[in-house]
Structures are given as C-alpha cells and as structure tokens.
Amino acid sequence: MTAPDAVRAAVEAAYRDEWGQVVATLIGLTGEWDLAEDCAQDSFAAALATWPREGIPGRPGAWLTTVARNRARDRLRHDKAGAAKLRQLVVLAPGTEELVAEEIPDERLRLIFTCCHPALPFPARVALTLRTLTGLNTAEIARAFLTAESTMAQRLVRAKHKIVEAGIPYRVPRAELLPQRLSAVLAVLYLIFNEGYDEQDGRRALTAEGIHLARVLVRLMPSEPEPRGLLALMLLLEARRANRTAGGVLIPLEDQDRSRWDGALIAEGVATLDEALALRRAGPYQVQAAIAACHATAPDAASTDWPQIAALYAELARAAPSPVVDLNRAVAIAMAEGIPAGLALVDALAESGRLRGYYLLPATRADLLRRAGRSAEAAQAYEEALASAPTDAERRYLAGRLREL
Amino acid sequence: MKYVLLICDDETDAPTNEEIAADPAHRAWAADVDRRGRRLGGARLRPVADATTVRVRDGEILVSDGPFAETKDFVGGVDIIDCADLDEALEIAAGHPYARRGCVEVRPVWE
C-alpha cells in the first residue's frame, strides 16, 4: 500500500513530466491524435487506481506508456480500419519497456515539430503544442488566450484534421528545412512563455510550460544554439518576474529591488547563454538573452552597461528587424549617449507610423521627456500612453508617473 | 498521397507556351518531378478570358462569361502529383517556377 497523498503527488508529477511523452509515443505508433490523447488520459486514470495497491513504479513514464498502448490495442481491435495499425502495435509489444524508453526523446521532438508545422495557422500551432505536449485541457488553453472554449476546441479539431488529411508528416524535418521550421517552433514556445509573463489570472502556469518545453528542446537538439538562447532568455526574464509589480502597479527595471531577483535562475540563464554562444552561431534569441543578461547581472541600475545593450539591439535589428527592436535600441542609446540622441530616434519612429497604436511608443517618449525635464510634453505623452495601455498594472504605473510631474 | 498543385498567377504578362517550353527553369522543374516519378498528370489552362462559368439555380441554367472568382491571381494550370507526404509536395511546389512569380496552392486529393 502506498499513501494516497504520495500517489496523488506522483501522478501529478508524472502528468507534468510524462504526458507529452506518452501522447507522442502513442501518436507515433497509431497515427491517431485523438486516440492517443484518450488512451493517455486512461493510463493516468489507471495509475490513480493501481499505484495505491501496487506501489509507484520505478519508471512511471514507461508504465503509463505501456498501459496506454495496451488500451490503444483494445480500442483498435474493435475497429476494422485499425487492423493495420494494430499489427504495428503487436509487433512492438514484446520487451516494451526498454523500447519505449529509448524511443521517447525522438517522439517528443517529432510531436513538437508536427504541432508547429508551417502549414498550420499560427494560433493552432500554439494551441496544439500546449494540448498535446503539456496536457492542458481545452478550457485551460482557451482561458489563457482569452478565447471562447468552443473556438479553441474548433481550432484544435481543425488542426488535427489537417495533419491527417493534408498528410503533414510526423517527423523532425531534414537538416535543410530545420532553420525555418525551428524558428517557428521557437516562436511558439516564446509566445507560450510570454502569455504567462503578463501577470493575469490563469496564465501564470504558461511561463513554466514555456520553460519546460524549451528545456525539452535543448535536451533534444544539443547542437543547435537558438533553443539554448531561448531557454536562457526565458530564465533571465523569469528571474525578475516576482519583482515586476507591487500592489498591482508595474515597477520599472531601474526601481526594482535587485536583491529579490532569483540569483539561481540568473546564474543558470547566464550559463545556458554561454553554452549557446560557444556554438558560435549567433541568432536573435541569443542576442535577446545577452541583453537580458546585461540587465540581470548589473549590480544596480546605474551600472547597467548601456553601450553594450545598445550594440546588442543594433545587432538584433540587423538579424530580426522590427520597429519594437528599434524602440528598445532608442532607449539604450538615450541611456548610453544622452537623452536627446534617444529622443531623436523615438521621434523618427513615431513619424514613420510603424508603431501606431503601440502604447510603449508614447510611454517611452514620455519617460525620455520626463528625464529631459520637459514636463508639459511628457504629461501629454503619458496621457496618450494611458489611453492604449493593455493591462491595469501598466495603467496604474503610467497614472502614477503623470501625477508626479 | 495525391496532391493537386494549382499554379496561380496574375496573367497580365503571361509567357507563351513556347517561352515556357524553352525556359530552363520550367524544364528543370519538370525533369526533377519526372525523375522522382511523382507526376501523374497536369495541364496548362487557357486564360480566364476564355473561361465560362455555369451555375444552376432553381432549375435554371445560368451561364456567365469569365471565372467564378473576382481576383487578381487566377489558376493558370494544374499538376497532379503523388507524394509520400505534404513536405514532399511542398518541396515540389516550391521548385515550380510560378512559385516565384505567382503562387502555388497545394491541395490534397480526396481519396
């Protein structure tokens, strides 16, 4: 007999760590996405029923996969069309545990790349990755992305349908397709992380999922630098998160209590970035991680290495051009070379109209004008930013700044 | 799996059949697909000026001049290929010279 609490904790841990592996293995064997998820679900239910009697197995993942596969075999037996797949399952049946344990890493990677195939619409890639790799249910994913559950369910059904009907292969693409496909995978994982970074209810778990999936990708593709770059970026941002707001008000970087940043995460982030850079193929995520590392390792705001950050933003603007990157570079230049230089860049961006409606443009302008002592213009820019700020924490911060002027 | 490639382009400066036949890019693509043994058939279509659309509504046959859709890019040809999966079909589609001037829609065949 094993204590109910211990079993519950073990099943929860297995769900977190093994769900994606079990589903991936079952999809690999049967090619049936819904069947794979149903049988994975059943195997966790069986664990809750069996482990209190028989004890927690040494390798929960292998146990769950074996149960799920047997369940799939039973289901396919009742289904004529399943005959061919059934043969495949039977062939793989003997000596299962070893076989499964070895297949798993590759299966999970295949699942990530299939979910993030460019033939699927971007929102479906994100939803499908979360559903199949983390076991978040449709309602949880819908809540996290502020979408109706029915919309999210439809998105998932369509995506699975297209994978089968359009013949999207269940595999990691060949080397020459990898750069393009890998960048789509990284974009999905970063979006998942960022959705959780806004401190809104129901979303916080997504940062953990993003980091978890990035770790999986790093382990599975050790010679690719960008997954490490992305993981480093996530760890360095996560290290500062607890201190990002206070009482529902955003705290800007320079006012954050650096002693409350998570030193262990910062150390791991920096080490991960070093491993990525050692592979000597720079990419946008490594550059962003390097910028985050400059902030995270500065002992205080005043000693931040702004010239280095400005140079990194210039590199990022070359590798992955975007007006948001230009805006960040303008801030770094204001801090490194003086407010007027930065303001000139911000004003040029405003004139180009490329960031129309993006609240950080007026918010940044307001901050620079305030630092330059141009209060009246700063107040006007704060008003403009307030009108389009997306979260309460940001609105409260801007309103506070406006009152101080 | 079978796929149809819908070869789409703005037809305002379409090359002639002779130009296409002589174009090394077209010849290389056709040779590549044939070498893979993937091509089941295909056809170039005459311009949309020669198209006629038929609809039947309430038992009445409605015949109108032109294609069914009002767009800039029209289907100018089709190729039918048989591939292992979508990735192979996309690779073949990306090699088609019209992917560079118009676009190629890849549609699985209902089998």
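**Note on the predicted two-chain model**

1. In this predicted model, D58(B) deserves a look at the outset: at 85% relative accessibility it counts as exposed, because the cut-off for that class is over 50%. D58(B) is placed in the loop between β3 (52-57) and β4 (60-65) of chain B, and its phi is near 50 degrees, a positive value in a residue other than glycine.

2. L146(A) sits in the loop that runs between α7 (138-144) and α8 (149-165) of chain A, and with a relative accessibility of 64% L146(A) counts as exposed.

3. P340(A) belongs to helix α16 of chain A, which spans residues 339-352, and P340(A) is exposed, its relative accessible area being 64%. Between P340(A) and L368(A) there is a separation of 28 residues in sequence, while their C-alpha atoms are 8.5 Å apart in space.

4. Turning to the sheet of chain B, 4 strands form an open arrangement in the order β2-β5-β1-β6, with antiparallel pairing. The edges are taken by β2 (39-44) and β6 (103-108) of chain B, each of which has a single partner strand, so one side of each is left without a neighbour in the sheet. Averaged over the sheet and with direction ignored, neighbouring strands are turned by 20 degrees against each other.

5. Within that sheet, the pairing of β2(B) with strand β5 (residues 74-82) of chain B is antiparallel and extends over 5 bridges; R39(B) stands opposite I81(B) in β5(B). Helix α3 (residues 86-95) of chain B packs on the sheet, where it touches β1, β5 and β6 of chain B, and its direction makes about 155 degrees with that of β6(B). Helix α2 (residues 24-36) of chain B lies across β1 (2-9), β2 and β5 of chain B, and runs at about 155 degrees to β2(B).

6. The residues that line the largest cavity are F113(A), T114(A), H117(A), P169(A), R171(A), P173(A) and R181(A), together with D87(B). Sorted by class, this lining has 3 nonpolar, 2 polar and 3 charged residues.

Note on methods: Residues are numbered from 1 along each chain as its sequence is written. Chains are lettered from A and ligands numbered from 1 in the order in which they are written. This is a predicted model: local features need pLDDT of at least 70, side-chain atom pairs count only at pLDDT 80 or more; totals for chains, interfaces and linings use all residues. Side-chain values use heavy atoms; hydrogens and water are left out. Helices (H or I, at least four residues) and strands (E, at least two) are DSSP runs, numbered from the N terminus. Buried means under 20% relative accessible area, exposed over 50%, partly exposed in between (1.4 Å probe, protein chains only). On a 1 Å grid over the protein atoms alone, a cavity is a set of points where a 1.4 Å probe fits but cannot get out, and a pocket is an open set with protein on both sides within 12 Å along at least five of seven lines; lining residues have an atom within 4 Å of a point. Ala, Val, Leu, Ile, Met, Phe, Trp, Tyr, Cys and Pro count as nonpolar, Asp, Glu, Lys and Arg as charged, and the others, Gly among them, as polar. Two strands pair if DSSP finds at least two bridges between them. Axes are lines fitted to C-alpha atoms, for helices over the stretch in contact, and angles run from 0 to 180 degrees between N-to-C directions. Contact means heavy atoms within 4.5 Å.
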